[in-house]
Amino acid sequence: MTKTFIQQLFAERIGGNEFGNDTVLYKFEKIKRAKREACKNNPNVELIDLGVGEPDWMAEKEVIEVLYEQAKLRENRGYADNGIQVFKDAAVHYMEKVYQVYDLNSIKEVNHGIGSKSILALLPLAFINPGDITIMTVPGYPVMGTMTKALGGEVVNLPLLAENSYLPKLDYLTSKQRHKAKLLYINYPNNPTGATATKKFFEKVVQFAKENKIIVVSDAAYAALTFEGQHPLSFLSVEGAKDVGIEIHSLSKAFNMTGWRLAFVCGNELVVKGFATVKDDNDSGQFAAIQKAGVYCLQHPEITKKTALKYSRRHTMLVNALKRIGFTVTKPKASFYLYVGIPQRTKSGRCFTSAEDFSEFLLEETLISVVPWDDAGAYIRLSVTFEARDEKEEERIISEIARRLDDIGFIF
């Protein structure tokens, strides 16, 4: 395509005058294209998608009914701006009931967002100047780091390693990095490792943040999806946490409402106020009817418990199947993700140089789709959100996964 003056005007943060010519694809777009190609080449083989991090269940019928009824009301037709008070009140009661966080002010210390992704994207606008640092963890959800770079800030990545239970080592940071850092992103239960945090770890984070004057952003998107004796744990339940940070809770995963785009941020009054200010400049709030459906969810945390039981059951079956084949894998205590190291090679001699290489092989040879992570070792992420009508169907799918992998034969 002949370059026009418009081609010269793109911002450097998305490629400048070379925008659109970059052959590097966003990871998940690359996976989507590869899935389409694999299905095209194998039209008679069922694709088993363990890569999609979206709940396979619909929202509860009662939730849908609330949306339907509220959508008909004239009072809900307008802009919601920074949210409706009834949703904020419900968020406070939810934090008390599920996480034993009792000191939140629903007017000053809570706000809604159009999904947790938009909250993470907007927060750096309130705090990051050129040269400032956001501390991120890898592997992980990169949105806050991406926005930090777009604003001229820097990102320092801390690796999540098995030997440290996939918790970041904050003492790896230099004194210069600590001095320039403004934001610290943590995400537990973690995507993609499935790891859970401890109260002791959160206490260390609070101490670190106070000593270095850094704001903590705790992404708790999977926090209520717990099992194996693990109870939901909030960063804000730790003494002093509200002095240094905020926590983000999403209804997407906990209440099977991914496409509804609803979340809330709570915690430090000034951080919430900063978020509300930049949010007001960037969106006009989520549809009030959706927020009122969200109120129903927050009043019924048993919905999440039912969903978590399903994920726990599927995890058990999948972990047992992978262990029989030779993978080293442990059932997580929360979330719907498994984080698994790749094999060295197949018995026929095909060697794997990276997780991306292995995931491409899996898709092409077995039509099993996973997500590769090469940020801190060669691992794949498997999600137990695959489509299945009932437990019998779950068993069939996991048996089929085991059969296909066993047919290949791997050396570890």
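Helices, of at least four residues, and strands, of at least two, are DSSP runs numbered from the N terminus. The names below follow that numbering, and the model on screen is a predicted one.

**Stop 1: N256.** Select the loop between α9 (251-254) and β8, where N256 sits. N256 is not a glycine, yet its phi is positive, about 55°. Is N256 buried or exposed? The relative accessible area of N256 is 5%; buried means under 20%, so N256 counts as buried.

**Stop 2: D81.** Move to the loop between α2 (61-71) and α3 (85-99) and pick D81. D81 also has a positive phi without being a glycine, here about 50°. Its relative accessibility is 37%, so D81 counts as partly exposed.

**Stop 3: the sheet.** Next, show the strands of the open sheet, 7 in number, in the order β2-β8-β7-β6-β5-β3-β4. The pairing is mixed. Which strands stand at the edges? They are β2 (110-113) and β4 (154-159); each has a single partner strand, so one side of each has no neighbour in the sheet. From one strand to the next, the twist averages 20°.

Within this sheet, select β6 (residues 215-219) and β7 (residues 245-250), which pair in the parallel sense over 4 bridges. At D219, look across to β7: the residue opposite is I248.

**Stop 4: two cis peptide bonds.** Follow the chain into the loop between β5 and α7 (199-212), which holds P189. The bond joining Y188 and P189 is cis, with omega about -10°. P192 has its place in the loop between β5 and α7 as well. The N191 to P192 peptide bond is cis, with omega near 20°.

**Stop 5: the second largest pocket.** To find the centre of this pocket, select Y166, T193, T330, K331 and Y339, which lie nearest to it among the 21 lining residues. The pocket holds about 450 Å³ of space. Which element gives the largest share of the lining? Strand β9 (residues 337-341) does, with 5 residues. Coloured by class, the lining residues divide into 11 nonpolar, 8 polar and 2 charged.

Technical notes: Residues numbered from 1 in each chain as written. Predicted model: local features only at pLDDT ≥ 70, side-chain atom pairs only at ≥ 80, totals over all residues. Heavy atoms only, no water. 1 Å grid on protein atoms, 1.4 Å probe; cavity = no way out; pocket = protein on both sides within 12 Å on 5 of 7 lines; lining within 4 Å. Points joined across faces, edges and corners; volume = space filled by probe spheres on them. Nonpolar A, V, L, I, M, F, W, Y, C, P; charged D, E, K, R; others polar. Pairing = 2+ DSSP bridges. Axes fitted to C-alpha atoms, helices over the stretch in contact; angles between N-to-C directions. Buried < 20%, exposed > 50% of the residue type's maximum accessible area, 1.4 Å probe, protein only.
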